[in-house]
Amino acid sequence: MVLTVYLDPITINCRKVLSGLDLMGIRYETKHVDFFKGEQKAPEFTKINPMATIPAATDGDLVLTESNSILQYAADHAKDESFYPKDLKKRADVNRWLLWEAATWFGVNYTYVVQNVVVPELFKGQPDQKVLDEEKPKFETAARTLDERLAKSKFICGDNVTIADIAVAAPMHMHEFQKSGFEKFPNIQRWIKEVEKIPAWSNRQKAVENALMPSRAQTNGTNGATNGHSNGSVRATINYTKDLGDKLTEIYFYESPNAEGIHEPGDDPHEMTFHDGWSKAKDFHEDVNGFAVKDFKSSHSNWEDGEAVQKNFYPEIVEFLKRETGAKRILVFDHTIRTAANNAKKLTDQSNTSQRSPVMLVHCDYTAESGPLRVRQLLPDEAEDLLSRRVAFINVWKPLNVVEERPLAMCDVNSAPASDFFKLYLRYNDRTGENYVMRHADRHKWYYFPKMRPDQCILLKTYESDESKARFVGHTAFEDPTSAKDAPMRESVEIRTIAFF
Ligand SMILES: N[C@@H](CCC(=O)N[C@@H](CS)C(=O)NCC(=O)O)C(=O)O
């Protein structure tokens, strides 16, 4: 058998067939039907498939449409039966997932491909939020169904890859950009990484990305916002914290006998990948990923004078954040300057909480409890009223020189569910504060913005009252292995704010 497949490798159902045929070692020839030119509607093609959709395949007088039926037919000719087991029960299970994909999964994912990839990338338009909101519950029900199945085995129908995996992976083949929120389903996360290790799958990825995101393809994946950095990712070790269950994790900022034998944070170093975020800079949103990167020019320059910072710089931040977030009111309540001059000061030096060296610990500044508590402390008379509506804590992190070393890295909230965070108790002599530290997970997706400039800033969501949005972003400074040995020390300012909606 030599199949003739009519396709354009960039569409979901065509890529599915190509990857599937390659995986199974099937011989085929292709006839290109240019999807963007609408060649699937041309009479030469509708003679083969009157539905005017691709792919279609022929084997002599047999004409097949429906990508999954092409996979089934090809699988029946594959040397290796495991891709489509002959055992009737196993085969019925594969069939069930193929049908589920075509009837349900394709549709709920397609909305995200269209709204979050095709519309912004190809039509330069804005995604229709109403359409996305309507799709969300349907997507989540379907994703939960898949996630529950994947909790049971490595691949969908057992420990071997089958054509069901290829079919179901296809509608999420642009998942990095689709923003469907599938990351909160841990088993899907794990599984899609497995699928992406399959060469027959990954070899077909670049063509899809280049076609759907041409601007990124032309600029070598940087979208023109490289800040002169060679786009790529780096590996570096960061400090997570071991979760000892009942034993609290604490840090003392004063001498105390109670500090003896405590469990301190940062005792679980792990090497992780840090993705250069510039190529997707515009896609990050503090309500979705927990962080965002923005242009922000300030006229302020005297950073050593705390009063001047409050008087001149805080109002700039208020206006900037109102504009960016749509909040009704912004309260700036604190800032931390990290400069070469105060680098020597220790994290535990409580007299210098506003002038610290970069924190090399994966953490988030507030917890579900300490956020509202801070509102009550800062605005006691208005707190109850304010807390009855949406409240978000947003830190603005702004470099004071070009960041050449120890950049800030953020863990995408979509890769880090709330269960990855636990409390760190901060013991001061007059009070106990708390923030979150994180337990390690391989699935954590870290981003950083190398060579960030002083006219740019990062927004970090450190508390959010609305549970449907990104609530807590884990972040840390890290040693960038590509930094020059003599790189100037990173200097930055971090401003803590509360946004009231
Ligand atoms: N259920 C069909 C769907 C085929 C389909 O809708 N293909 C899309 C490309 S992924 C198409 O050709 N659409 C035609 C058009 O939008 O004009 C299959 O799995 O093959």
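Me: Which residues of H4 meet residues of H5?
Reply: The model under discussion is a predicted one. On the H5 side, the contact involves Val131, Leu132, Glu135, Lys138, Phe139 and Ala142. On the H4 side, the residues that meet them are Thr104, Trp105, Val108, Thr111 and Gln115.

Me: How many nonpolar residues does the contact of H4 with H5 have?
Reply: Sorted by class, this contact includes three polar and two charged residues. The nonpolar class in the contact of H4 with H5 numbers six.

Me: At what angle do the axes of H4 and H5 cross, and what is the hand of the crossing?
Reply: Two packed helices are described by the angle between their axes and the distance between the axes. Helix H4 covers residues 88–122, and its axis comes within 9 Å of that of H5. The angle is roughly 145°, and the crossing of H4 and H5 is left-handed.

Me: Which residues of H8 meet H5?
Reply: From H5, the residues taking part are Ala143, Leu146, Asp147 and Leu150. The residues of the contact of H5 with H8 divide into five nonpolar, one polar and one charged. On the H8 side, the residues are Asn187, Ile188 and Trp191.

Me: Which residues of H3 meet H1?
Reply: H1 contributes Asn13, Lys16, Val17, Gly20, Leu21 and Met24. By class, the contact of H1 with H3 holds seven nonpolar, three polar and one charged residues. On the H3 side, the residues are Ser67, Ile70, Leu71, Ala74 and Ala75.

Me: Which elements give two or more residues to the shell around the ligand?
Reply: The residues around the ligand are Thr11, Ile12, Asn13, Gln40, Thr53, Ile54, Pro55, Glu66, Ser67, Asn68 and Ala102. The elements that give two or more of these residues are helix H1 (12–24) and helix H3 (67–75).

Me: How many charged residues does the shell around the ligand have?
Reply: Divided by class, this shell has four nonpolar and six polar residues. The charged residues in the shell around the ligand number one.

Me: What is omega for the cis peptide bond that joins Ile54 and Pro55?
Reply: Pro55 is among the residues around the ligand. It is placed in the loop between helix H2 (43–46) and strand S3 (56–59). For the cis peptide bond of Ile54 and Pro55, omega is about 5°.

Me: Is Arg406 buried or exposed?
Reply: Arg406 belongs to the loop between strand S11 (391–399) and strand S12 (408–411). Its phi is near 40°, a positive value in a residue other than glycine. The cut-off for a buried residue is 20 or more other C-beta atoms within 10 Å. Because Arg406 has 22 C-beta neighbours inside 10 Å, it counts as buried.

Me: Which residues is Glu479 in contact with, leaving aside its neighbours within four places in sequence?
Reply: Glu479 lies in the loop between strand S17 (474–477) and strand S18 (492–500). With 14 C-beta neighbours inside 10 Å, Glu479 counts as partly exposed. Leaving aside those sequence neighbours, the residues in contact with Glu479 are Ala236 and Arg406.

How values were computed:
Residues are numbered from 1 along each chain as its sequence is written. This is a predicted model: local features need pLDDT of at least 70, side-chain atom pairs count only at pLDDT 80 or more; totals for chains, interfaces and linings use all residues. A residue is near a molecule or strand if its C-beta atom, placed from the backbone, lies within 6 Å of it. Helices (H or I, at least four residues) and strands (E, at least two) are DSSP runs, numbered from the N terminus. Ala, Val, Leu, Ile, Met, Phe, Trp, Tyr, Cys and Pro count as nonpolar, Asp, Glu, Lys and Arg as charged, and the others, Gly among them, as polar. Two residues are in contact if their C-beta atoms, placed from the backbone, lie within 7 Å. Axes are lines fitted to C-alpha atoms, for helices over the stretch in contact, and angles run from 0 to 180 degrees between N-to-C directions. A crossing is left-handed if the near helix is turned anticlockwise from the far one by less than a right angle, and right-handed if clockwise. A residue is buried if 20 or more other C-beta atoms lie within 10 Å of its own, exposed if 12 or fewer, and partly exposed in between; C-beta atoms are placed from the backbone.
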